[in-house]
There are 2 protein chains.
Amino acid sequence: MDHPDFKNTAISSFEKYLQDKVLVKQEHLPPLLEMISFKSIQKQEFLLSKGDVCEHAFFVLSGLLRMYSIDKNGKEHLLQFAPENWFVSDRGSIYFSQPSNYFIDAIEDSMVIMFDRSFTEKASSISPEFRNYNEYLLQNHVRQLQNRINLLIGADAEKRYLDFINQYPDLFGRVPQWMIASYLGITPESLSRVRKALHKRNP
Amino acid sequence: MDHPDFKNTAISSFEKYLQDKVLVKQEHLPPLLEMISFKSIQKQEFLLSKGDVCEHAFFVLSGLLRMYSIDKNGKEHLLQFAPENWFVSDRGSIYFSQPSNYFIDAIEDSMVIMFDRSFTEKASSISPEFRNYNEYLLQNHVRQLQNRINLLIGADAEKRYLDFINQYPDLFGRVPQWMIASYLGITPESLSRVRKALHKRNP
């Protein structure tokens, strides 16, 4: 589904990201942009299914993705939301070439950039600024995951919910409550109690 | 507390690790070994306290460390155990030079190697093998953290406990039950029930 208009918008949007956020030098942009591909996917379409080896990392240009697991009782457990400007992938599956335990699909119609498994290494050897930024992303990812574990083992439902709002300020109204509850590791009933209590204190 | 015997044992033990596991080339060993320092610490001694910027990563030569947080009610929440051959640090605090939310202390008398914040970059520029291994460690860390989050939001106490035993086979008998319960995000009572049920099925 790659029509030319979409592709042009996508390229210039990602080019801006590389220049403004990653600080990639002008001369390194063309070889980096040459290595990526684009995809537009519809709501509920899959980018990764359990058992597949994850072949790409995804950067969300527009829309909203999620990554989740399904347990043996068929219940979904939400690892990550990925709205605009977020990366999502099963790094472990890509890096270790092992079948993934996770699914990635679209909560909304989305436009994504796809990076194949050799991208990071190649891009790092072309642009030192990209290498630094990639390390920043990885370290930041570790920090977020550690913080989330700390909240899951140590914080009550309200504190987890407040952290969620802080982490994903743009998701309000775009995600059903049961998905948020799943992300927080609490029941939808508990989430509903937390929201009522917060609303009472800050109407 | 660096007496010469300890230091010699520590150096040769870490040298072996660099050769056998990290595959560092013979000629790169001396500059790498020159950059590290050693410390022997006693049970309950601290290597990091909340509010401090974490200045070192630690590699455990012998003994056992833990990393944990303390919530506003004074309750401890255990992020990680670090027995022999494990690394432990608050990567986020080191990398972003921000005050840590965590504590690292010794559960047993321990011998550790200390790496300061510039070590990874310098060692990577000296030895490509070290750079690769460090990336492997970081990717593996992300995979483990993600797996743990998945268990915390999606698995029951028994499944979490079985994963813990698998992850830390050497900890049996070295760690009090309440610390394991804290790591698993369950109550000590629930851990005791899980252990009884498992013992009944596999006496």
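Residues are numbered from 1 along each chain as its sequence is written, and chains are lettered from A and ligands numbered from 1 in the order in which they are written. Because the model is predicted, local features need pLDDT of at least 70 and side-chain atom pairs count only at pLDDT 80 or more, while totals for chains, interfaces and linings use all residues.

Two copies of a chain are related by a rotation about an axis and a shift along it. The same surface serves both copies, since 100% of the contact residues of chain B recur in chain A. Two residues are in contact if their C-beta atoms, placed from the backbone, lie within 7 Å.

The contact between the chains takes 22 residues from chain A and 22 residues from chain B. On the side of chain B that touches chain A, the elements giving two or more residues are β5 (76-82), α3 (91-96) and α5 of chain B. Helices (H or I, at least four residues) and strands (E, at least two) are DSSP runs, numbered from the N terminus. The largest share of this side, 13 residues, comes from α5(B). By class, this side of chain B has eight nonpolar, ten polar and four charged residues (Ala, Val, Leu, Ile, Met, Phe, Trp, Tyr, Cys and Pro count as nonpolar, Asp, Glu, Lys and Arg as charged, and the others, Gly among them, as polar).

Helix α5 (residues 128-154) of chain B also packs with helix α4 (residues 119-126) of chain B; their axes come within 5 Å and cross at roughly 135 degrees. That angle makes α4(B) oblique to α5(B). Axes are lines fitted to C-alpha atoms, for helices over the stretch in contact, and angles run from 0 to 180 degrees between N-to-C directions. Angles under 35 degrees count as roughly parallel, over 145 as roughly antiparallel, 65 to 115 as roughly perpendicular and the rest as oblique. In this pair, T120(B), A123(B) and S124(B) of α4(B) meet F130(B), R131(B) and N134(B) of α5(B).

The largest nonpolar core has 74 residues, of which F58(A), L65(A), I104(A), F58(B), L65(B) and I104(B) touch the most other members. Such a core is a set of buried Ala, Val, Leu, Ile, Met, Phe, Trp, Tyr and Cys residues joined through C-beta atoms within 7 Å. A residue is buried if 20 or more other C-beta atoms lie within 10 Å of its own, exposed if 12 or fewer, and partly exposed in between. Strand β3 (residues 56-70) of chain A gives the largest share of this core, eight residues.

D105(A) lies in strand β6 (residues 103-116) of chain A. D105(A) counts as partly exposed because it has 17 C-beta neighbours inside 10 Å. Beyond four places in sequence, the contacts of D105(A) include Q44(A) and L65(A). Q44(A) is found in the loop between β1 (37-41) and β2 (46-48) of chain A, and its phi is near 75 degrees, a positive value in a residue other than glycine. With 10 other C-beta atoms within 10 Å, Q44(A) is exposed.
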